[in-house]
Each structure stands twice: as structure tokens, then as C-alpha cells.
Amino acid sequence: MEITVRRARVEDKARVLQVEATATPNLRYLSVMFEHWVHDQVGELSVAELDGILVGVAKFTILPDGSAWLEALRVSTEAQGKGVGKRFYQRFFELARERQVSTMRMYTGIRNVASKGLAERFGFHLAATYHGSGCSVELEPSKQAIDGFRVIDPAKAQALLLPLGEQWDGFMVMNRTFYAVTPELCAAWAKAGQVYHDAESNSLLVLGARFQADQALHIACMSGDLKKCLTFAEQKARESVVPKLTCLFSPTATAISQALLQYGFQPDPSDYIVMEAVI
Ligand SMILES: CC(C)(COP(=O)(O)OP(=O)(O)OC[C@H]1O[C@@H](n2cnc3c(N)ncnc32)[C@H](O)[C@@H]1OP(=O)(O)O)[C@@H](O)C(=O)NCCC(=O)NCCS
């Protein structure tokens, strides 16, 4: 059996979608992301072939702080357990060396022992565990409009967000991408218009989407008057006709957990883990 890994090509799309459909039938975003990712020259969308047949896909992404985010790793069910996942990890390390990346991270569900074990085999360790929750958005306005939140600039975002890093256990999450809380991240989110501040209640909210912004908006961080933050988040989702809000947060952040429950968010069935390797 010969396993080769190479950069994905535009014509691989149909087969990549087949692979995703068998590997993660309930978690599909390559149909939307393929076109975007296949042209990423900073990172790489990679595919694996087993004896010439495309059986796997994975994405190496460079985040704003220069770390690598390993995502969308999928091996078609019939090809699992034959070394394809390990070959992808070797590629991740090659890419990290080429791009002088010193930290790599990935997330998986806490029950995904194969994914965790594979990462551990390559020296990754558990960096943090997160609860997740989500809430459907009523498209008809039911609450009074909130008017105080304003987008803030990168310097103010850094000043207000960085001190919250510890409460969020070092990461803030959008689209299940775990971003280490760094000055570069705060600046990038502020530039994207995703950091909101309400001066009256001194509340802060990071709200947005890394991709698939029509499907869900993600609360990456909130502090201050949490009910006000959530009401504003729901209002923004309604304005953009987005049907869902999500939030991932540290299990130690009990005030966040309570506020989400009181607002009507439903806890996800199981937790998420983020794994990290420092090269
Ligand atoms: C996770 C996945 C990518 C692994 O790919 P794969 O090609 O089957 O993996 P490989 O055959 O290269 O490597 C298997 C390695 O995973 C680890 N592993 C597998 N099952 C394991 C288990 N039950 N417990 C601990 N480690 C396990 C081991 O390190 C194993 O290597 P070893 O047998 O030499 O020790 C694949 O199963 C898959 O696509 N799953 C569905 C999608 C998914 O979960 N993606 C990951 C994150 S969302």
C-alpha cells in the first residue's frame, strides 16, 4: 500500500466531498470551504491517496498569531486504520517547518479517542476542555432593541479583551476554531468589526463567524452585563437572518454557563478538547 499526500487541486472537489460524507456525515463544511481553502497559499488544503485513490483530506491553516490550526481531517471509513491520518500529521510537521510555525493546535470531540490518540502519537497534549452550547434565533423580534454596543478599534480591543483570556481558559472560539488569546487575535477581530463594547454597562462581546456566516454567529467572548450581550447577539443574528447562535466556554466559567442557560441556550451533548504541540 502506498500513501501519498499532496496539495489539493480544484478537480479533487467531488471526491473530497465523498470522503467527508463518509468520515463525518454530521459535520460537513467542505462543500462551502473547498473553493476558498484550495487556493490558500499560506496554509494548505492537502489530500491523501492510497494506491492512487483519494481517501483523505486535511487543512493546515495559519491563524493571525502565526500558529497553525489543523482542521477538517477526514479519512474515508474504508481507508481508516491504514496510516493515512499519520501521513497527514507528517505533512503538518513538514509544513510547520517550512513556514517556521512553532505551535500547532487541533480540536476534537472529547469522545473521539482515535483523533486524540493520533494527535498524542505526534506529541500533542491536552491544552483545554470546553463546554459548547447553542440557541435557535427567533426571526421575529421579541425583545426590546439594544442600542449601546459599538464596534471598537484594535488598541481598545487589545486593552479590554486580553485581560479576559484567563477567564476563557486561554482560548476564544469561533466556528470551533480555538484561537489563543493574543494581541494579534484581538487586533484581527477588531479589524473585522467583531468586537463590540457597550460603554453604559461596560460590556464586551466578540461576535462573528470565521466562515458560513449565514448558518450561525458565534459568541467568542462576553463580559459585563451578560444578558445584555446575549440580547444584542440575538438582535445581530436576527438582522442578518442567521438562525443560530453558539458559544464555547471554559467549564470553570460558571457565570457564562448560567447566563447561557437562562437565556435558553441548549448544552451540546459532549465537550470539546483542544490539543497543542509546541515544536
Ligand atoms: C481520526 C482519523 C482522521 C484517523 O485517521 P486514520 O487514517 O484512521 O489513522 P491512522 O491509521 O493513520 O492512525 C491511527 C492512529 O490513531 C490512533 N488511534 C486510533 N484509534 C485509537 C484509539 N482507539 N485509541 C487511541 N488512539 C487511537 C493511534 O495513534 C493510531 O496509530 P497506531 O495504531 O500506529 O498507534 C479517522 O479515523 C477519521 O477520519 N475519523 C473521522 C473524522 C475525524 O474524527 N476527524 C478528526 C477530528 S474531527
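This is a predicted model: local features need pLDDT of at least 70, side-chain atom pairs count only at pLDDT 80 or more; totals for chains, interfaces and linings use all residues.
**Stop 1**

Next, colour the shell by residue class.

**Stop 2**

Zoom out to the chain. The domain assignment gives domain 1 as 3–101 and domain 2 as 131–268. Give each range its own colour. The C-alpha centres of the two domains are 29 Å apart. Eight residues of domain 1 and nine residues of domain 2 make the contact. Look at the domain 1 side of that contact: six residues are nonpolar, one is polar and one is charged.

**Stop 2: helix 1 and helix 2**

Select residues 13–23 for helix 1 and residues 30–38 for helix 2. Their axes come within 10 Å and cross at roughly 140°. Why is this pair called oblique? An angle over 145 degrees would count as roughly antiparallel; the crossing is at roughly 140°, so helix 1 and helix 2 are oblique to each other. Helix 1 passes helix 2 in a right-handed crossing.

Show side chains at the contact. Helix 1 brings Lys 13, Val 16, Leu 17 and Glu 20. Helix 2 answers with Leu 30, Ser 31 and Phe 34. By class, the contact holds four nonpolar residues, one polar and two charged.

**Stop 3: helix 5 and helix 6**

Move on to residues 154–161, helix 5, and residues 183–191, helix 6. Here the axes are 8 Å apart, and the packing angle is about 130°. This pair is therefore oblique as well. The crossing of helix 5 past helix 6 is right-handed.

Which residues make the contact? From helix 5, pick Pro 154, Ala 157, Gln 158 and Leu 161. From helix 6, pick Pro 183, Cys 186, Ala 187, Trp 189, Ala 190 and Lys 191. Colour them by class to finish: eight are nonpolar, one is polar and one is charged.

How values were computed:
Residues are numbered from 1 along each chain as its sequence is written. Axes are lines fitted to C-alpha atoms, for helices over the stretch in contact, and angles run from 0 to 180 degrees between N-to-C directions. Helices (H or I, at least four residues) and strands (E, at least two) are DSSP runs, numbered from the N terminus. Angles under 35 degrees count as roughly parallel, over 145 as roughly antiparallel, 65 to 115 as roughly perpendicular and the rest as oblique. A crossing is left-handed if the near helix is turned anticlockwise from the far one by less than a right angle, and right-handed if clockwise. Two residues are in contact if their C-beta atoms, placed from the backbone, lie within 7 Å. Ala, Val, Leu, Ile, Met, Phe, Trp, Tyr, Cys and Pro count as nonpolar, Asp, Glu, Lys and Arg as charged, and the others, Gly among them, as polar. Domain bounds come from an automatic or database domain assignment.
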